[in-house]
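Here is a short tour of one structure, written to be read with the model open beside you.

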Amino acid sequence: MRHEHVGLPKPPAPPTRSIGERMPLVDGIEKVTGRARYTADLPLGETLFGLIARSPIAHGVIRAIHTDRALALPGVHAVITGEDFSAPYGVIPIAQNEYPLAKGKVRYRGEPLFAVAAVDEAAARAAVAAVEVEIDELPALFTAADARAEGAVLLHDNKPGNIERRVEQDFGDVDAGFAEADLVIERSFDCAEIAHGQMELNSTVAQWEPERERLTVHSVTQVPYYLHLMLAQTLGLDSAQIRVVKPFVGGGFGHRVEPLNFEMITAALARAAGGAVRTELTREEVFLTHRGRPASEMRIKIGCKQSGEITAIDAEVVQRGGAYAGYGLVTILYAGALLHALYTVGAVRYRGFRVYTNLPPCGAMRGHGAVNVRFAVESVLDELAAGLGIDPFALRRANLIEAPYRTLNDLQVNSYGLPECMDAVEKLSGWRERRGKLPQTPGVRRGLGMACSHYVSGSAKPVHWSGEPHAVINLKLDFDGGITILTGASDIGQGSTTLLTQIVAEVLLLPMARIRVVATDSAVTPKDNGSYSSRVSFMVGNAALRAGEEMKRVLVEAAARRLEVSPADIEWNGESCGVVGTDRRLDFAQCVQAALVETGTLTVKGGWSTPPETQGGKFRGAAVGSTAGFSYGAQVVEVAIDEDTGAVHVEQVWIAHDCGRAINPLAVEGQVQGAIWMGMGQALSEGTQYHLGLPVRSNLIDYRIPTIAESPPIHVTLVESMDPLGPFGAKEASEGGLHGFPPAVAAAIHDALGVRLNELPITPDRVLDALQQRRRDQKLQAMKRAKAAAQEV
């Protein structure tokens, strides 16, 4: 019998803990030192210059694109059109109606029309100038109302009325709910279209090997798997011919969830040229690619009892979706689905309309689908609280959920930290002591407002239903004692690489220095469904946990064989293990050696899928909104408003976010702060604008994203409700907070000025208009009172 390390002179080091620790991001050094390689930085040898030519009109029939003169120019290697693609693409399998290059018709100004690959930019631009295009112009529709008007020209022949998706959902008796209410308020709201504003510009490098007929694409995608599928589909290739690699990505926020036209265009150019092509878009072109949050017109009607109990909600939402389907049907379904699961509601009626227009296509954006509707609902709740004479917190508390809970639309709530979130921000902001009593100075009015919000931890049903696990992680262990996490999950700045490292380290009780991550290379890593709807922490985190447990099982069994005991007798301490009740131990290197006997390199797998009970109901569209875990949040916003200019300055924000378990509190706090900051942009300054379909704010000067000068102190409190399905109890952390900021700041403005603003963004002009309207209304009321008094005399 062989014993190892008998009679150690000192006890083993305590196991390393990683969960709940404030860890810097594992890829942070590369980012802050400039060593991180983004797509445009990749040293992939000589590449041709890819350039996309775009439509100068918003709507028209393509009669001809003459490319012969361009192809004859020196240095020009390829010119392609829509005819070079074998199929349309789209993120939703049942809604794919867009070609990478326009085919048959153009449907918005700036739509890709043809593309060239040349030895340099000058040659590429000369080629573009040499191409002749014949387009018969059609009437263009730039508003949802115009597109829905009787007799309006159709953007897509199979979509009558230019409606991409109409949703009709009824849960409970809404009319009876309104009859039961003590107060019913109905209001209309209007939210501008919003762009993502990610720092990194779009870029793709595609390499075609003509001898092997293989394609390698490096790109800025959030979902390499979707891009892989659409490259195969649009180019008519077998998926095995394609390799997709995601380098570092400088922000996504939903812009890069969908496969994007320039990615497939670059790949097609590379194949046509028989080599490598690099395409880098300008900021204006990023705005033309768009996929942001759609402009939304909403009508919200809510009834409440005197106690604050919500008896009914009736909502109608019209989204201006742009020229193609994209994520449209999901976005309009989310808007209705997430009327539920934040509060108990007596009954809900929802009517949603996703409308085609001759503008760049909209898509998913942080807080996908529900931000605008939450602004409307929370704003009406604030007005209801005032009308009923109760505190806004009290109204929300009258409608709290008790988990576990099944909503009217069959969403499952397993953990619910909203009560603790509200308690925290109410106390920390001094709400009870300060609301209505803030110090006021001449020309400056101050106010406090609050709102609540929630969001999903990934969609419970994947977009592409294949029967595979929703997430898979592979762990590799070799002679060096290092553990490599192989994942297809995209780290787009949200810190998922660090999260996965912490989870595996925690399960194995090992220091994070032993673990490295190899991510998002389809030739090496397992397929992942992508970084969207906050799915990675919950789903991929669970897969990493299971992979870690499997690796631990293998190591414990190997140690037991070496020590000639049962695995149940082994106490695992990470860097060492031993037989319980004895001094017989192995260090980690010896455990690895034992595990590699006869097998060599070890690879274990962990997979995870959402339980069926979390996947929604059976009605049409029920899958959208379903999730294995909802996050919750409450926030209070304090504002100071210049009455002369209408400028709104956010003084402070207090937010409490129920993230389940904070795997990395440092990273979670940063994500929550980022959500608030992005919500502030939508609430106060951001919005696209078009003139006859041409974007007029397609840069980061005219498109007003807040800077550090406008950024207030954001006080974050993390509430840990410990979701029973989340990895170590964790759930969503980076999107839910965004939903609550616009209604909270609108409520704070009302507290300060006594006016309600139902349009976003709340610009100084709109504030001044509201103040002037209030003065006119007050003057009119005074005149009416004076007239009535005179008549009495």
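This is a predicted model: local features need pLDDT of at least 70, side-chain atom pairs count only at pLDDT 80 or more; totals for chains, interfaces and linings use all residues.

Glu 564 sits in the loop between H15 and strand E22 (570-572). Its phi is worth a look: the value is near 60°, positive in a residue other than glycine.

Ser 533 is not a glycine either, yet its phi is positive, at about 50°. Is Ser 533 buried or exposed? With 8% relative accessibility, Ser 533 counts as buried. As background, most residues other than glycine have a negative phi, and most peptide bonds are trans.

## Cis peptide bonds

Ala 403 and Pro 404 are joined by a cis bond, with omega about 0°. You will find Pro 404 in the loop between helix H11 (392-397) and strand E16 (405-406).

Another cis bond runs from Leu 760 to Pro 761, where omega is near 0°. Here the proline, Pro 761, belongs to the loop between strand E31 (759-760) and helix H19 (764-792).

## Nonpolar cores

Nonpolar side chains in soluble globular proteins tend to be buried together. Which residues have the most contacts inside the largest nonpolar core? They are Ile 302, Tyr 327, Leu 418 and Phe 741, in a core of 119 residues. Helix H10 (residues 371-388) supplies the largest share of this core, 9 residues. Apart from it lies another core, with 52 residues, including Val 579, Val 592, Val 604 and Ala 730.

Leaving aside residues up to four places away in sequence, Ile 302 touches, among others, Phe 178, Leu 183, Val 184, Ile 310 and Ile 313. Its contacts also include Val 377, Val 380, Leu 381 and Leu 384.

## Helices H17 and H18

Helix H17 (residues 665-684) and helix H18 (residues 736-753) have axes that come within 8 Å and cross at roughly 40°. H17 is therefore oblique to H18, and the crossing is right-handed.

On the H17 side, the residues that meet H18 include Ala 675, Ile 676, Met 680 and Leu 684. H18 contributes Gly 737, Leu 738, Phe 741, Pro 742 and Val 745. By class, the contact between H17 and H18 has 10 nonpolar residues, 3 polar ones and no charged ones. Phe 741 links back to the previous section, being listed among the residues with the most contacts inside the largest nonpolar core.

Note on methods:
Residues are numbered from 1 along each chain as its sequence is written. Side-chain values use heavy atoms; hydrogens and water are left out. Axes are lines fitted to C-alpha atoms, for helices over the stretch in contact, and angles run from 0 to 180 degrees between N-to-C directions. Helices (H or I, at least four residues) and strands (E, at least two) are DSSP runs, numbered from the N terminus. Angles under 35 degrees count as roughly parallel, over 145 as roughly antiparallel, 65 to 115 as roughly perpendicular and the rest as oblique. A crossing is left-handed if the near helix is turned anticlockwise from the far one by less than a right angle, and right-handed if clockwise. Contact means heavy atoms within 4.5 Å. Ala, Val, Leu, Ile, Met, Phe, Trp, Tyr, Cys and Pro count as nonpolar, Asp, Glu, Lys and Arg as charged, and the others, Gly among them, as polar. A nonpolar core is a set of buried Ala, Val, Leu, Ile, Met, Phe, Trp, Tyr and Cys residues joined through side-chain atoms within 4.5 Å. Buried means under 20% relative accessible area, exposed over 50%, partly exposed in between (1.4 Å probe, protein chains only).
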